[in-house]
Amino acid sequence: MVKLNKIYTRTGDDGTTALVSGPRRIKHDLRIESFGTVDEANSAIGVARLHTSGLVDLDAMLFRIQNDLFDLGADLATPDLGEVLSYEPLRIVEAQVVRIENEIDALNSDLSPLKSFVLPGGTPAAAYLHLARTIARRAERQMVELSRIEGEVVSPAALKYVNRLSDFLFVAARFANDAENSDAPDILWVPGKNR
């Protein structure tokens, strides 16, 4: 259980931050950047949720994802250094990946097939979900880069989850637009329209 009585500790004043396990790292370390970007995506989802209260199923999915993103942050903040820990570290598991895939399929089931790329926008919920999607993609790029560094481990389930997350957020944005205006839900890209 997390217990935070004091918010500032002064331990980061030297430009480092603590991981759950392992040594302190400089604040611009790629692992720190990765879980910081996951946190940023979570915050963008929180803003999107200000506009999804009327979409009860979607809002519940987003709430679950926000909790998962704290799991993902904990996973990234506890690098697998090959040492025996006195506790079981929190990790993203395959069941979370399967759940988000099922939720993508549920939201996508009634949407019309796309005939063009979608411009980010539409309803406030969709616009913020698209913003969260692009932040999630950045987190994914950072996590993949981190996983390619010798000695750094990012679990396959965590990489799958963050990849599905951006897919989910794309479909969720389309779903939010469709719920608001099913006659013309998406704003489509028209190649060369303004030449």
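**Entry 1: Ile135.** I started with Ile135, which I found in helix α4; helices here are DSSP runs of H or I with at least four residues, strands are E runs of at least two, and both are numbered from the N terminus. This is a predicted model, in which local features need pLDDT of at least 70 and side-chain atom pairs count only at pLDDT 80 or more, while totals for chains, interfaces and linings use all residues. I kept in mind that residues are numbered from 1 along each chain as its sequence is written, and that side-chain values use heavy atoms, with hydrogens and water left out.

Is Ile135 buried or exposed? Ile135 counts as buried, since its relative accessibility is 7%; buried means under 20% relative accessible area, exposed over 50%, and partly exposed in between, with a 1.4 Å probe and protein chains only. For its partners I used contacts, meaning heavy atoms within 4.5 Å. Leaving out residues up to four places away in sequence, Ile135 touches Thr37, Glu40, Ala41 and Ala44.

Entry 2: Next I went to helix α1, where Arg49 is found. Arg49 has a relative accessible area of 22%, so I noted it as partly exposed. Beyond residues up to four places away in sequence, Arg49 touches Asp59, Leu62, Phe63 and Gln66. I then looked across to Tyr128, which is 79 residues from Arg49 in sequence but 8.7 Å away in space, C-alpha to C-alpha.

Thr52 sits in the loop between α1 (30-49) and α2 (56-76). I wrote Thr52 down as buried because its relative accessible area is 0%. Its contacts, again not counting residues up to four places away in sequence, are Leu58, Asp59, Leu62 and Ala125. Asp59 and Leu62 are on the list for Thr52 and also on the list for Arg49.

**Entry 3: Ile65.** I moved on into helix α2, where Ile65 lies. Ile65 counts as buried because its relative accessibility is 0%. Which residues does Ile65 touch, not counting those up to four places away in sequence? I listed Ile45, Arg99, Ile100, Tyr161, Leu165 and Phe168. I checked Leu85 as well: Ile65 and Leu85 are 20 residues apart in sequence, and their C-alpha atoms are 27 Å apart in space.

**Entry 4: Gly15.** Gly15 lies in the segment before β1 (16-17). At 23% relative accessibility, I put Gly15 down as partly exposed. Gly15 touches Arg25, Ile26 and Lys27, with residues up to four places away in sequence not counted. The C-alpha atoms of Gly15 and Lys27 are 5.8 Å from each other, and the two residues are twelve apart along the chain.

**Entry 5: the aromatic pair.** I searched for aromatic pairs and the structure holds one. Phe117 and Trp189 form this pair, with 5.7 Å centre to centre and 50° between the planes, and it is tilted. For the record, rings of Phe, Tyr and Trp (its six-membered ring) pair if their centres lie within 6.5 Å; planes under 30 degrees apart count as stacked, over 60 as edge-to-face and the rest as tilted. Why did I mark this pair as tying parts together? Phe117 lies in the loop between α3 and α4 (124-147) and Trp189 in the segment after α5 (156-180), so the pair joins parts that are 72 residues apart in sequence. Phe117 counts as exposed, at 62% relative accessibility, and Trp189 counts as partly exposed, at 40%.

**Entry 6: the whole chain.** Finally I stepped back. The protein chain has five helices and two strands, and reads β-β-α-α-α-α-α along the sequence. Buried residues make up 42% of its 195 residues. Of the contacts with a separation of 6 or more, 73% come from residues 24 or more positions apart.

On confidence, I noted a mean pLDDT of 89 for the protein chain, with 90% of the residues scoring at least 70; pLDDT is the predictor's confidence in each residue, from 0 to 100. Confidence is lowest in strand β2 (residues 25-26), at a mean of 72, and highest in helix α3 (residues 94-108), at 98.
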